[in-house]
Amino acid sequence: MPMQQGTPRPPATPAQALSAMDHLIATGMIGQQEMAQRLNLNVTDLTCFGFVLEAGDTLLTAGDLAERAHVTTGAVTGILNRLERADYVTRRPDPDDRRRVRVAANPDAVARVEALYEPHHARVTELFSDYSPAEIAVLYDWFTRTGRLMGEYLEELRKGD
């Protein structure tokens with residue numbers, strides 16, 4: 001049953017919140033695997049395609065994509081090769097630097113991905129209606145800062161190897 005805006009939230013400790021986050025991440029990972037399978041992709045390729053979609057008309061370079069996905073430029077070449085073979089993206093020469101390419105999403109692939117994710121996004125959007133604008137701002141801040149922390153920690157792990 002949805003909560004009304006302004007309804008007091010149940011109390012939670014940081015340990016409980018961390019546990020809930022771990023469960024959300026685990027469910028998200030399983031969900032991404034399911035979505036990727038349905039789209040005939042692997043999870044890394046689907047994630048990278050998501051970054052291409054997020055960039056919209058500001059086409060990413062291969063280097064931009066490698067940075068966002070926390071992979072090497074060599075790895076991103078393989079990812080782009082697979083996405084291109086699967087007709088998810090095309091590579092376009094960078095008009096300012098012919099040595100670089102930009103990555104564009106193919107409209108048919110965008111439509112397939114959006115059709116698969118739209119019901120989930122609609123449900124999450126509905127869930128946001130249970131929260132005040134101030135609470136949504138806190139959620140946005142927390143997601144943004146935690147994502148940054150996760151990325152930094154991933155880089156630390158990789159540098160330690």
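Which residues in H2 meet which residues in H4?

## Model and conventions

This is a predicted model, in which local features need pLDDT of at least 70 and side-chain atom pairs count only at pLDDT 80 or more, while totals for chains, interfaces and linings use all residues. Residues are numbered from 1 along each chain as its sequence is written, and side-chain values use heavy atoms, with hydrogens and water left out.

## Contact of H2 with H4

Thr-44, Asp-45, Cys-48 and Phe-49 in H2 meet Ile-79, Arg-82 and Leu-83 in H4, where contact means heavy atoms within 4.5 Å. These residues divide into four nonpolar, one polar and two charged. The axes of H2 and H4, which are lines fitted to C-alpha atoms over the stretch in contact, come within 10 Å and cross at roughly 85°; the two helices are therefore roughly perpendicular to each other, a label that covers angles of 65 to 115 degrees.

## Nonpolar core

The largest nonpolar core has 24 residues, and among those with the most contacts inside it are Leu-46, Phe-49 and Leu-83; such a core joins buried residues (under 20% relative accessible area) through side-chain atoms within 4.5 Å. Helices H1 (14-38), H2 (43-55), H3 (62-69), H4 (73-85) and H5 (107-128) each give two or more residues to this core, and its largest share, six residues, comes from H2.

Leaving aside neighbours within four places in sequence, Leu-83 is in contact with Leu-41, Asp-45, Cys-48, Phe-49, Tyr-88 and Val-89.

## An exposed leucine

Leu-24 lies in helix H1 and is exposed, with a relative accessible area of 55%, exposed being over 50%.

Key:
Buried < 20%, exposed > 50% of the residue type's maximum accessible area, 1.4 Å probe, protein only. Helix = DSSP H or I, 4+ residues; strand = E, 2+ residues; numbered from the N terminus. Axes fitted to C-alpha atoms, helices over the stretch in contact; angles between N-to-C directions. Parallel < 35°, antiparallel > 145°, perpendicular 65-115°, else oblique. Nonpolar A, V, L, I, M, F, W, Y, C, P; charged D, E, K, R; others polar.
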